[in-house]
Amino acid sequence: MARVGVFVCFCGANIADFVDVPAVTEEAKKIKEVKYAIEYKYMCSDPGQQMIRDAIVQHRLTSVVVAACSPRMHEKTFRKALSDAGMNPYLLEVANIREHSSWVHQKDKKAATEKASDLIRMAVAKSIANEQLHEISVPVTKRALVIGGGIAGIQAALDIADARIPVVLVEKSPSIGGRMAQLDETFPTLDCSQCILTPKMVDVASHPFIELLPYSEVMELDGYVGNYKAKIKRKASYVNFDTCTGCGACWQKCPVKVPNEFNMGIDKRKAIYSPFPQAVPNKPVIDAEHCTMLLKGKCGICAKVCEKGSIDYTMQDEIVEREIGAVVVATGYDLWDPSPYEEYGVGRYKDIITSLEFERMVSANGPTGGVPVRPSDGKVPKRVVFIKCVGSRDEAKGIEYCSKICCMYTAKHAILLHHKVHDSHAYIFYMDIRAAGKGYEEFVKRAQVETGATYLRGRVSKIYKKGENLMVRGEDAQLGQVVEVEADLVVLATAIYPYKDNPDLARLLGISYDKYGYLSEAHPKLRPVETAKAGIYLAGCTQAPKDIPDTVAQASAAAAKVCGLFAGDTLKKDPMISTVNTEFCTGCQNCVTVCPYQAIVTEEIPLGHGSKEMRIVAKVNEGVCQGCGSCVAICRSMAIDLAGFTDMQIINEIVSI
Amino acid sequence: MEAEIKEKIVSMEKPHMEAPPDWQPVIMGILCNWCSYAGSDLTGTSRIQYPPNIRIIRVPCSSRVDPWFIIKSLQTIADGVLISGCHPGDCHYISGNYYARRRFLVTKKLLNFVGFHENRVQFSWVSAAEGAKFAKVVTKVTEDIRKLGPLHLYKKENS
C-alpha cells in the first residue's frame, strides 16, 4: 500500500496570498494514499527539507509530493532531501502550485485553491506509480575529436591536449590554418595574422597529445557520449608524408597549373602543391582531379625529381577508425556568393572583387606581393569603393543576419589600402557601423582619421562601366541625395555563410542545424557551446558568424566542456530513459524509425525458453537514449516505456481528478 | 452518405441540454518540458493571468503524448485537451515535435470522425520565451471549450 507524504509550501506570500494553503493541505489529507500532509513557510529552506526527511522516516513514506514552485526550479533540491533520508530520489513528484496556480490566478483565490488541490491530486496519483530509479554510469573514452583545423579547431585541440587528453584533429585540406591563415592583418590591433597563427599551428603538429590528420574527412560517427567511434577517410595524397621533406622540388617542376584556392583563384598553383609556405604539415599533396599522371598515366615528373622517392601514384584513400569520447565541431565558414546582386555587375566586371580576394592581394605572401591591383589591367587602384552588407541584412537578396565582422574588416581594409597605396582614397558605403568589441570603436575612428576614408551611409543601387573605370551609384542617406563615385576597384564585403556540406556533417553527427546550415547550439544563451547531442560541442563560425577573439573564446569554452566531461572515470546519466519489455515486443521496429538519436537497435532473442528459433526485439542503448519518449507513443504493443514518465504515471495523473 | 455523416457529426456537437449555470470546463494541458512547460512557468513568473480551468501534465516531449492520453482525458474528466510543444525546428529532441504533429493530425481526424468538435482537442507551439503566448492560447482554448459546453452531457446522451 502506497504511503504518500504531501508537503505544501507557502513560498512566503507567493503561494499563500492567492491559494488557501491550509485548505489545500486538508484536501490532500482526504486522498486515500496520503498518510501525512503538512504545510510550511518555505519548503526549500533547511528546516523545510528537514521536515521532509523526518516525515519520510517517521511515517514510512513510499513517495513524496512537494507542492511548491516549478519542478524546473527545485526538483533537484527536493530529490537530494529524499536521498539524504535514505529514499530513492526519483520517488519525488512536484506539484507546481506557484507558476501554475497562485501566480496566474491572482484574482480568483477559490479557483486557484481548487486548481492547486487538483495539481496535488495529480502529483500524488503519479507518485504512486513512481519507481526507484538509479543514475546510469557510462564508461568514457578519454580522447577528443576536433573537426576542422582553423583557429577554432587549433585552439580547442591545444587546450584539450594541454590537459593531457589525447586529441584527433581532422582537417579536410592539406594544411591546418583555415581562414585565418588567409588574412593579412587582424583588427583591432593590426597584428599580422600569420605571425600569431603559425606558432599555434606548429604547436599542434609537435604536441605529444595531438594526432593531426590533414587531408581527411569524418565519414561516420557511431555511438554515444563518452563512447563514440569515428570513421575517418584519409584522402590519398600520393605523397609519403613519412619520407617527404617538403623541399618543394616537385611543385616547382610540375607542369600543370590550377587556380589557387588559397589565393581565392587570383593566381595558379600546381597539381602537386602545398597550399601556402607556412603550411602545417608542410608536405605537398597531388590534386587527383588535375594531375596528368593520375588522369592519363603520362608525366611522372614529380616522381623523377623527388630525391626521397616519396611520390606514390598508387596510393588509395584509407579509412581509419578512432574511439573517442567527445567531439568539437569547428568547420568554419564560407563566403556567400554575391551573384544575386546583378545590378552591381558581379561576374560581368572584373574589377569587382570580394573582401577575401582583397585580403589576399594586400597580404605580404599573396599573389600580388602585398599590393592591390585591378584584375582587369593590373594597375594599382587609387579610388577604391568598399560596399558593406553585401548579402548580410538583406532579406530580399541575401540573408537576414548580420555577418558581424564586415564593419571591422572594411575599416581594416581602408587602413591597409592606405598603407599599401599612399595616394589612394577609400569610399565606404555602409548601413550601420557595428563596432561592438574591445577596442573596436576606437579602431573604426582610427581608420576614419588616419586614412580620411569617405564613409557614405546608404546602399549602392547600381554599378556601371565608364571607360576603364566603374561608376558606383548609391545613396547618401545623410544628405538625402544620390551620389556617384568613380572607382578603380570595388570591394564587396560579402556575407559569412556556412559551408554547404554543413547539413551533411550535421546529419552524420546527429546534431541539428538552422535554415542557413549553421550548426545549432543547445541553448542560445545558457548553452552556447553544447549541441543538443551530449558530448558534441561547437566552436567558431560553424555555429554563427564570429570574429577571431569570439572564436578563440568559444573554442576554449568547448575545450573546457570536453575536459569537464572527461573529469571522472564514468559519466553519470539521468535514468529517465526508455526500456523495452521483450515479452511484448513484436519486433516491428517503429521505435527504431522514430528515435532521433538512433538509440534503439534490434537484437535477437530465443523465441521461447530454450528455443533455437530466434525473434527480433528492440533494445535501447542506455548511453544514447535521451528520454524523449517518441518510441513509447509509437509502440503499438505497449512494449516500451519511459522511466519517470510511464504510461501508468501519466494515466494516473489524468484519472486522478 | 458523406453529407449524412457530417450532419450526424454536427448534431452530436450541439448541446442537447443546457449546461448547469455554475459549470466550468476542465481542460487537460499536456506540455513538453523544454518549451511549453518552461513557457507556462514564464507565464507564472511574469504574473500573466489566464483562466484557471487548465490542469497541466508535464511530459519530456510532445512526441511522448500517446493518443491514448487524449482519449482517456476526454473519457474521464476533461472537456477539452491542449497539447503544446516546441516550435517546429526547435525540438529539444531534434525531431520529436514533427512526429507529434503528424500523430496529432491523425488523432484529430479520428476524433472528428467519431463526432468530437475539432476545437475539443487543440495543439499549439509555445516556446520557453513565450509566456504571454501561453496565456493567450489557454484563454482561447478555454473560451472555445466553454462555447462547446460540458462533454459529459453528450456522453450521457450517447450511452
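**View 1. Overall fold of chain B in the predicted model.** Chain B follows the pattern α-β-α-β-α-β-α-β-α-α when read along the sequence, in a model that is predicted.

**View 2. The buried side of helix α3 in chain B.** Helix α3 of chain B spans residues 67–76, and within this helix B:Phe69, B:Ile70, B:Ser73 and B:Leu74 are buried. These residues lie on the same side of α3(B), because the arc that they cover around the axis is only 130 degrees. An α-helix has 3.6 residues a turn, so residues three or four places apart point the same way.

**View 3. The contact between chain A and chain B.** In this view, 37 residues of chain A are in contact with 34 residues of chain B. On the side of chain A that touches chain B, at least two residues are supplied by each of α4 (98–102), α5 (109–128), α17 (630–634) and α18 (647–655) of chain A. By residue type, that side of chain A divides into 19 nonpolar, nine polar and nine charged residues.

**View 4. The domains of chain A.** The domain assignment of chain A gives domain 1 (4–128), domain 2 (335–497) and domain 3 (578–655). Between domain 2 of chain A and domain 3 of chain A, the C-alpha centres lie 59 Å apart.

View 5. Five strands of chain A form an open sheet, in which the order is β20-β27-β21-β22-β23 and the pairing is parallel. From one strand to the next, the twist averages 25 degrees. Helix α12 (residues 406–420) of chain A packs on the sheet, where it touches β21 (383–390), β22 and β27 (489–494) of chain A, and the direction of α12 makes about 170 degrees with that of β21(A).

**View 6. The pairing of β22 with β23 in chain A.** Strand β22 (residues 425–430) of chain A runs parallel to β23(A), to which it is joined by four bridges. A:Tyr430 has A:Arg457, in β23(A), as its bridge partner.

Definitions and conventions. Residues are numbered from 1 along each chain as its sequence is written. Chains are lettered from A and ligands numbered from 1 in the order in which they are written. This is a predicted model: local features need pLDDT of at least 70, side-chain atom pairs count only at pLDDT 80 or more; totals for chains, interfaces and linings use all residues. Two residues are in contact if their C-beta atoms, placed from the backbone, lie within 7 Å. Ala, Val, Leu, Ile, Met, Phe, Trp, Tyr, Cys and Pro count as nonpolar, Asp, Glu, Lys and Arg as charged, and the others, Gly among them, as polar. Domain bounds come from an automatic or database domain assignment. A residue is buried if 20 or more other C-beta atoms lie within 10 Å of its own, exposed if 12 or fewer, and partly exposed in between; C-beta atoms are placed from the backbone. The arc is that of the directions from the helix axis to the C-beta atoms. Two strands pair if DSSP finds at least two bridges between them. Axes are lines fitted to C-alpha atoms, for helices over the stretch in contact, and angles run from 0 to 180 degrees between N-to-C directions.
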